[in-house]
Structure formats: structure tokens, C-alpha cells
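Trainee: Please show me how to read this structure, one feature at a time. Where do we start?

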Amino acid sequence: MLDDSEGYVTTDGRKIGGVVMEMKNITLRFGGVVAIKDISFDIREGEIRAIIGPNGAGKSSMLNVISGFYVPQEGEVWFRGAKRPPMKPYEVARQGIARTFQNIALFEGMTVLDNVMTGRLTQMSQNIFTQALWKGKAEKEEVENREMAEKIIDFLEIQRIRKTPVSRLPYGLKKRVELARALVAEPKLLLLDEPMAGMNVEEKEDMSRFILDVNDEFGTTIALIEHDMGVVMDLSDRVVVMDYGKKIGDGTPDEVRRNQDVIDAYLGVAHD
Amino acid sequence: MAQPGAQTGLQSFPALLARNAQQMADKPAYREKEFGIWQCWSWRETAEEVEALALGFLNLGVNEGDFIAIIGRNRPPLYWAMVAAQMVGAVPVPLYQDAGAEEMAYVLGHCGARFIIAGDQEQVDKVIEVQDQLHQFEHLIYLDPRGMRKYDHTTLHDYAHIQDQGRAAKDELTPELDRRRARLDYDTICVMLYTSGTTGRPKGVVLSNRNVIESARFSSEFDHLTSGEDILSYLPMAWVGDFVFSVGQAYWNGFCVNCPESEDTMMSDLREIGPTYFFAPPRVFEGQLTNVMIRMEDATPFKKRLFDWGMAHARKVGTAVLDGRPVSFMDRVKYAIGNLTVYGPLKNTLGFTRIRVGYTAGEAIGPEIFEFYRSLGINLKQLYGQTEATVFITAQPDGEVRSDTVGVPCPKVELKIEENGEVYYRSPGVFVEYYKNPESTAGTKDAEGWVATGDAGFIEPETGHLRIIDRAKDVGKMADGSLFAPKYVENKLKFYPNILEAVVFGNGREECVAFINIDLAAVGNWAERNNIGYSSYQELAGHPQVLATIQDHVEETNRSVAEDTMLSGCQVHRFVVLHKELDADDGELTRTRKVRRRIIEEKFADIIAALYDGSKSVSTRTEVTYEDGRKGAISATLEIRDAAVVPVATQKVAAE
């Protein structure tokens with residue numbers, strides 16, 4: 001059913017489109033260590049795709065391959081129908097891929113609003129001189145960017161901390177600010193690296209709601225890595241399971257849950 | 001009785017709106033902060049929006065006399081919905097937005113609302129949850145479309161679409177709208193407001209246009225309000241105060257109503273708007289003062305010294321300057337310096353720079369807090385009112401402000417005190433009736449129009465000011481026959497920043513005992529500064545040092561209570577610090593945060609028993625309700641403490 005190139009319909013009735021990104025036989029090595037071994041999977045338009053696996057399974061490496069931070073030694077990355085050559089991360093960002101980080105990577109000394117505005121960088125066309133003059137086009141651009149930033153601030157309900165320096169915020173809110181910065185770039189593909197790590201139940205519920213709302217409201221395709229199995233199974237449409245750099249399962253949450261290899265990996269059966 | 005509206009034809013809010021749109025067309029009527037900017041609507045634009053919605057209502061089939069419930073936080077479109085409802089002859093019924101679904105179901109069922117306007121998805125979900133119990137309910141209109149795309153839209157409508165449909169059918173429906181508008185007069189129902197109900201079910205108080213417009217007019221004259229005022233509307237729309245300020249007085253004077261961006265941003269929005277006329281329950285002032293004090297603790301030594309010097313001088317002469325009493329030249333100079341260095345910047349930080357008139361009501365305010373604001377030169381006054389009176393019963397005139405009275409009768413209000421001490425009033429604002437509840441109406445309002453307030457008080461002979469002691473039904477007798485007025489003692493206790501809530505028991509008993517709730521913000525800050533670790537509210541509330549501090553407060557209160565010969569029997573002999581905050585979701589407080597004595601008495605009967613049987617501690621298990629309606633339970637062992645009391649033997653003799 002999933003091979004259908006026309007897409008599919010999810011259990012809650014959303015229509016999922018064609019393939020946006022395809023990973024073909026990716027292998028990534030750091031010296032002698034093989035982080036990812038011959039993995040292939042695809043991400044489709046409008047879906048929430050999760051990558052799960054135990055510690056050290058290679059999930060974050062995988063996300064870094066998608067975001068262009070790592071270049072795999074073997075295999076191909078296809079994005080929107082074209083093979084992607086090795087690229088700098090900012091070039092990947094220009095293509096419409098935005099991400100958040102496992103260990104929050106915000107500008108601590110800047111306010112929430114300024115941090116969110118930096119997410120608009122790829123949308124800016126004016127140079128430093130016209131911006132310094134702040135006339136005509138540069139002014140118009142800034143106003144547009146601020147409008148978008150405010151829309152996202154409203155969407156994620158962080159109006160109250162708009163002018164607060166990020167360093168003063170608690171962890172859960174920083175995560176939300178990071179999501180805001182990624183969203184403000186109007187990404188076609190949003191990568192979330194452990195969006196719920198270290199959160200309490202209430203914060204997790206909030207974050208889950210925001211992820212679903214983003215997908216619903218903006219139609220953003222989302223790929224996420226997550227440890228919390230319960231959250232993954234509730235949120236995602238399809239799940240890739242990794243273990244020791246290999247793919248051991250791929251399918252809907254129900255299919256994955258019944259997969260013997262997955263059960264073994266999570267229950268810790270000895271590997272040979 | 002003079003009827004200003006009758007002469008000018010301004011007998012309804014749609015009529016006032018038309019006047020404002022004509023005479024003050026380009027003056028701001030509403031502002032709301034959205035997307036980081038204050039969006040503004042002039043009176044002309046407001047009139048256009050309201051009319052579009054009214055036409056949309058006609059298009060949807062709203063009949064005259066229908067009830068339209070409005071649920072959500074303060075936003076201009078929801079205020080417009082109230083006037084649009086009046087325009088088509090329907091009755092707006094604003095509801096408390098933080099009410100649970102079941103509570104909401106009762107009120108919606110009681111008024112039989114056919115139409116409901118909800119602010120956002122949260123409110124829509126609550127209505128959908130209970131809609132099967134509501135037989136008359138037909139259409140739900142929502143304001144914020146976020147998250148609602150996938151909902152079934154057969155009876156669900158977007159607010160903007162209703163307005164668009166109204167605009168499209170303008171030519172066809174305008175004659176009908178004009179007909180309905182022309183039929184509105186002083187006797188038409190203006191609004192129905194549900195009282196929070198300290199006892200039993202909420203009651204729907206019906207107010208006529210006469211009630212609201214006359215009250216707005218007299219109170220505006222009393223405080224010399226003009227069309228230049230700016231107010232911040234952040235208190236629940238279902239509360240009579242908000243309706244009278246944000247609709248009644250705003251339309252009568254044509255001043256501007258400002259709505260905050262969200263609940264959490266209220267304080268910074270307040271600073272940006274700088275209202276000229278401000279209304280808040282004591283807890284808002286308390287919260288602000290606590291914040292100032294906490295921040296001054298962390299300030300540099302120089303700033304702190306300057307602040308202490310400035311405040312000491314303000315305490316000495318500030319209120320005298322404000323009231324225009326004689327102050328020596330040197331003190332005036334010093335006050336001016338203080339104003340430049342301390343009071344001015346502080347008022348600016350609080351958002352009170354432009355304030356001309358500020359009111360506090362609903363509960364008693366601590367004298368220190370009251371004096372603090374007044375000494376800064378903020379004209380903060382007290383008001384005593386009720387939903388049934390369309391707010392105004394008594395208020396303090398400029399220059400006659402004290403923390404222990406609630407002022408003199410408002411214009412056109414008559415007062416009388418019955419033998420049992422209960423306060424009665426008669427005024428143009430006296431409500432029409434309780435909806436579908438003639439027994440209660442008859443029990444509250446007599447044939448001559450006198451209304452029982454349910455509060456016990458007396459009028460000070462020298463000044464003519466009213467002093468309120470307690471709820472009349474809560475005033476009781478101790479076993480020895482002396483007077484028992486729990487609220488009097490509770491208020492004294494609550495004036496300590498560490499104490500958020502107190503409940504005193506003792507009616508018919510030998511001695512009084514008390515439940516205390518700590519204030520997490522104040523006590524938590526104290527714990528932080530003193531390196532006291534705690535992991536939960538419960539743990540902090542049971543900390544021995546916290547208990548010792550509270551004991552000091554109780555004993556100090558006892559000394560103060562003992563000074564009043566009438567009430568010295570009310571000293572607290574034993575107390576317990578509760579392991580959970582009293583909460584409206586658990587039914588322990590009303591939505592306006594008044595203590596529900598009977599319910600607390602039943603729920604915590606085991607703790608009360610322990611307070612009276614002399615035991616040192618009590619183990620208890622309490623059911624709690626979470627915000628989403630789920631229930632849970634918390635268990636705790638609470639330490640019971642004895643508090644020293646001042647001997648009252650002399651008083652007993654005096655009483656006999």
C-alpha cells in the first residue's frame with residue numbers, strides 16, 4: 001500500500017501526497033565507525049514521519065544527512081524529484097528544509113523575537129547597506145518578516161515572552177522558541193531532533209499539539225526523531241526504526257509495533 | 001425620576017453606538033493587541049462591524065427575545081457581539097470562560113441559548129461536549145478559526161463568515177433590522193449576567209437598558225469621566241463590572257476599550273496602554289506590589305536605598321498631597337524629588353502614569369497595599385457593588401478615601417440598615433428579576449424596590465461612610481454569645497503577603513480555628529532567598545519554618561482582633577496550613593474567587609474535627625479536579641499548630 005506513488009490516506013483522513021525526499025542506500029562512516037549502514041526510505045508530502053531507535057542507533061546522524069550537515073560516503077539523497085549534490089547547510093535551508101536541535105541551539109543573549117527573526121534569514125534579499133539605510137524595499141522586507149514572525153509567535157502562544165532574552169527562559173519554552181525559528185522560514189520539510197527530550201508530561205502534550213497543529217495548519221511535512229515511544233506512535237503516520245545503524249522496520253505505527261525485530265531491539269535481545 | 005435617555009432618545013446601546021459613530025466617528029473605540037501591534041477600530045468602524053454581525057444574526061434566524069451566549073476572553077469582536085445581539089432584539093449572556101463544561105451546560109440550559117459565540121477552539125470543544133444536553137441550542141459561532149478546519153461545519157460558523165453573509169444581505173435585511181432597532185427602549189432587557197453563586201446554582205440577573213445606562217451615566221458624572229479615557233478590559237466579560245465599564249460607561253462616554261493580547265501579557269499591555277481609568281480586584285494590586293518588592297530585593301544597594309528613602313517619605317506625606325491636605329513646603333519639595341527619582345519611574349513601570357481614577361472592589365484590600373498606591377499619587381479608591389445593583393451601591397468620593405470604608409452612597413442610591421445589621425439599597429440600577437426564578441427575586445427584592453445585599457455593615461455616624469463587616473449569613477454567634485464574623489479575621493490574615501487565602505470556622509463553637517493557604521509566589525521567593533529546598537506546593541506548605549512564619553502572622557492578627565471589643569472572640573486558637581490551594585475547579589471558591597464556606601466545611605470535615613479535638617496532626621486525602629476535568633487525589637499529613645491568643649475575659653463581661 002505504501003509503494004503507491006500517488007500517496008495514501010491516513011487513519012484520521014488526511015491525504016498524504018507523493019514523495020518529497022528519498023534516501024537511497026545511505027551509508028555514513030566516521031573513520032572506521034559505521035554510523036548508518038545502507039538505509040533507504042522516503043518522506044511524503046504532508047506526512048509526519050518518525051525515526052526511532054535505541055541510543056546510538058544512528059538517528060541523529062540520519063537527520064544530519066537529511067539536513068546536509070553530513071555527506072554520506074555512499075548512497076543518494078533525492079529531494080523534490082532531483083538528486084541532491086553535497087551542499088552546505090545554508091544551501092539546504094534555502095531549499096526549504098528547517099530544523100531544530102536536540103541540544104537547543106538558540107542565540108542565548110538575544111530576545112525571543114530576534115531569535116525568531118533570524119529564521120527569516122534565507123528569505124531576505126537585501127544587503128547590509130540597504131538594510132542599514134532601511135528605505136523602500138529593505139523596510140518593506142523587514143515589515144513582512146516581522147509579520148511572519150508575529151504570526152508564528154501567535155501560533156505557538158509565546159507572545160508573553162516576545163521581548164525576553166532566551167537565556168532567561170525555562171527549557172520547555174526554549175524548545176518552543178526553536179520550533180518558532182524553524183517555522184518562520186516557511187519550510188517545506190521540518191526536521192525535529194528529539195522535540196520532547198527532557199520534558200515533563202504537560203510540556204510533551206503541549207509540544208505534541210503544536211506539532212500536529214503545524215502539520216494541519218501549514219501542511220508542513222515533518223520528520224522527527226523521538227525517544228518516547230508513546231508520543232511517536234500517537235503523532236506519526238509512518239515510522240522508520242533503526243538499530244546499530246541499520247533499518248530494522250518501516251511502516252505505520254501499528255505495523256512497527258508488531259514487528260519482531262523492533263520488539264527485540266527495544267527489549268534488548270542480544271545481537272549476534 | 002429623571003430620564004436623560006428618554007429625552008434624547010438614547011435608550012439603548014445600539015442608539016448610543018449610532019450617536020458615537022456620528023459624533024466621534026474617527027475616535028478610537030476599541031484597540032486590541034494582536035501580532036505584536038495594537039490594532040484599532042474607530043467608532044465608525046465599530047458601528048460597521050456591529051451592524052454586519054447583526055445582519056448576519058438576522059440571516060441566521062435570530063428572533064427577538066432569543067438568548068445569545070458569549071464565551072471567551074476579552075476581545076473587541078465579542079464586545080461587538082453583545083451590542084449586535086441587542087440590535088436584533090436578542091439578549092446577550094456572557095459566560096465565564098474558565099467554567100468547566102458541566103457548569104457551562106447548566107447556564108446554557110437555564111437560559112435556553114439558541115446561539116452561542118465562542119472565542120476559540122477550547123470554548124468550542126466545551127460546548128460540543130455538552131451540546132446533547134442543550135435542547136434549544138442551534139448554532140455555534142467561533143471567533144478564532146485556529147484548529148477548527150476539520151470540525152463538522154453544519155451548525156458551526158466562522159464569525160467573519162456570519163458578518164460577510166450579513167453584508168451580502170444588507171439591502172434585503174436592513175428594513176427588518178431598523179424595525180427591531182426602533183423597538184428598543186429603556187425597558188428592553190440589556191443583558192443577562194449569571195452571579196457566581198457563593199451558595200447553590202448560579203442565578204441569571206436580568207438588567208434592563210434603564211439599569212445599565214442610568215448607572216453608567218451617574219457613575220460617569222461622579223468621577224467626571226470623559227470620552228478621552230482609556231481603559232484596559234481584562235476582567236471576565238461575564239462579570240457585571242466589566243460589562244458596566246467596558247460597555248456601559250464606554251458607550252455612554254465614548255471612550256476607548258483596550259483588550260490585552262493574552263491573559264499572560266496583561267501586565268506589559270497595561271504598561272503600553274497606560275489607562276486613565278482602571279479597575280482591578282485587590283489581588284491584582286497585591287500581585288503588582290509583591291513583584292515590585294521582589295525586584296527591589298534584587299536591585300543594587302544604591303537603588304534600594306533610594307527606593308527606601310522615597311517610599312518612607314511617600315508614606316509620610318503622599319496621601320496628604322493626593323487629597324490636597326496642607327503639607328509643608330520642604331515636604332513638597334522632597335516629594336517632588338521623590339516623584340522624579342522613584343514614584344514617577346515606578347508608576348511608569350506599573351503602567352499607572354496616566355491614571356486619574358482607579359477602583360478596587362470585590363474584596364477588602366489590605367491597608368498597606370492601599371496606602372502604597374495612594375502614596376505614589378495614584379487616585380485609588382474603593383467601591384462597593386453587586387450584580388443586582390448594576391455595580392454601584394457606594395463609592396468613595398475624591399479626597400474622602402480610607403481603606404476601611406467603602407464610601408458614601410452613589411448618586412440616586414438610597415441605603416438602609418436593618419436591625420440584624422444587613423445592608424439594603426434602592427437605586428435606578430436595581431435589577432429587573434432573576435431569570436426563571438420568581439421565588440429568589442421575591443426573596444431579594446421587596447415590593448418597594450429595596451434589595452438585600454446579604455452583607456452586614458453599618459454607617460459611620462461622623463462621616464456617613466458605609467463599613468462592611470461580613471456576609472450577613474456568615475455572621476454568627478460563638479458558644480458564649482459573642483459575635484462571630486469570619487471574613488473580618490480572614491481579611492486581616494490575607495493582608496500578609498504570605499497568606500493567599502484563609503477560612504475561619506467557629507460559629508456556635510467555644511473558639512475559632514482557621515485554614516490557611518500560603519501564597520506560592522511570596523513564600524516560594526522567600527524559600528529561594530533562604531536556600532530552602534522544596535519540590536512541591538505541599539512540601540513547602542508543610543515546612544516547619546513556613547509554619548512558624550504563619551504562626552507569627554496568626555498571633556499578630558489575634559492581637560489586632562482583640563483590640564476590637566465587639567469581635568475579640570474571633571481570635572484564632574488553632575490553625576492548619578492546607579496542602580492544596582483552594583480552587584474554583586474543585587468548587588471551593590466561586591469563579592470570582594470568593595470562599596464557599598459550606599462546601600469547604602463538608603469537604604475538609606476531618607481536618608476541622610482534628611482542629612477541635614486537640615490532636616497534633618491529621619492525615620487526610622483530598623479529591624482534586626484538574627483543568628481538563630479529570631479527577632485525582634492527594635494525600636497528606638498536616639501539622640496542627642496552636643496560636644497564642646489575647647485573653648478575652650474582659651470582653652465577655654462587656655458583652656453581658
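Mentor: Start with B:Asn531, which lies in the loop between helix H18 (520-529) and helix H19 (537-541) of chain B. Helices (H or I, at least four residues) and strands (E, at least two) are DSSP runs, numbered from the N terminus. Keep in mind that this is a predicted model, where local features need pLDDT of at least 70, side-chain atom pairs count only at pLDDT 80 or more, and totals for chains, interfaces and linings use all residues. Residues are numbered from 1 along each chain as its sequence is written, chains are lettered from A and ligands numbered from 1 in the order in which they are written, and side-chain values use heavy atoms, with hydrogens and water left out.

Trainee: What is the phi of B:Asn531?

Mentor: First the general idea. Most residues other than glycine have a negative phi. B:Asn531 has a positive phi near 55°. B:Lys412 is another non-glycine case, with a positive phi of about 70°. B:Lys412 sits in the loop between strand S16 (408-409) and strand S17 (414-417) of chain B.

Trainee: Are they buried or exposed?

Mentor: Read the cut-offs: buried means under 20% relative accessible area, exposed over 50%, and partly exposed in between (1.4 Å probe, protein chains only). B:Asn531 counts as exposed because its relative accessibility is 72%. B:Lys412, at 47%, counts as partly exposed.

Trainee: How do I read strand pairing, say for strand S11 of chain A?

Mentor: Two strands pair if DSSP finds at least two bridges between them. Strand S11 (residues 238-243) of chain A and strand S12 (residues 246-251) of chain A are antiparallel, with five bridges. A:Val241 has A:Gly249 in S12(A) as its bridge partner. The two strands make a hairpin with two residues between them. In that turn, A:Tyr244 has a positive phi of about 50°.

Trainee: Which strands pair with S26 of chain B?

Mentor: Strand S25 (residues 512-518) of chain B runs parallel to S26(B), joined by five bridges. B:Val513 stands opposite B:Arg574 in S26(B). Strand S28 (residues 631-642) of chain B pairs with S26(B) in the antiparallel sense over three bridges. There, B:Val576 is partnered with B:Ile640.

Trainee: How many residues of S26(B) are buried?

Mentor: Five of the six residues in S26(B) (572-577) are buried, leaving the strand mostly covered. Another buried residue is B:Val391, with a relative accessible area of 6%. B:Val391 belongs to strand S15 (residues 391-395) of chain B. B:Gly241 is 150 residues away from B:Val391 in sequence, yet their C-alpha atoms are 6.2 Å apart.

Trainee: Now charges. How many salt bridges does the structure hold?

Mentor: A salt bridge is a side-chain nitrogen of Lys or Arg within 4 Å of a carboxyl oxygen of Asp or Glu. Over all chains there are 70. Take A:Arg209 and A:Asp213, whose side chains meet at 3.9 Å, N to O. These two are separated by about one helical turn because they are four residues apart in helix H7 of chain A. A:Arg209 is partly exposed at 35%, whereas A:Asp213 is buried at 13%.

Trainee: Which parts does the salt bridge of B:Glu297 and B:Arg529 tie together?

Mentor: The side chains of B:Glu297 and B:Arg529 meet at 4.0 Å, N to O. B:Glu297 is in helix H12 (residues 282-297) of chain B and B:Arg529 in helix H18 of chain B, so the pair links parts 232 residues apart in sequence. B:Glu297 is partly exposed at 40%. B:Arg529 is partly exposed too, at 45%.

Trainee: Which residues form the negative surface patch?

Mentor: Patches use residues with over 30% relative accessible area and no salt bridge; like charges are joined within 9 Å, and nonpolar side chains (Val, Leu, Ile, Met, Phe, Trp, Tyr) within 5 Å. Accessible areas come from the Shrake-Rupley method with a 1.4 Å probe; for residues, only the protein chains shown count as cover. Lys and Arg count as positive and Asp and Glu as negative, without His and the chain ends. A charge is placed at NZ of Lys, CZ of Arg, CG of Asp or CD of Glu. Here the patch comprises A:Glu202, A:Glu205, B:Glu102, B:Glu122, B:Asp125, B:Glu129 and B:Glu627. Helix H7 (201-218) of chain A and helix H6 (121-130) of chain B each give two or more residues. The largest share, three residues, is from H6(B). A:Glu205 lies in H7 of chain A and is partly exposed at 47%.
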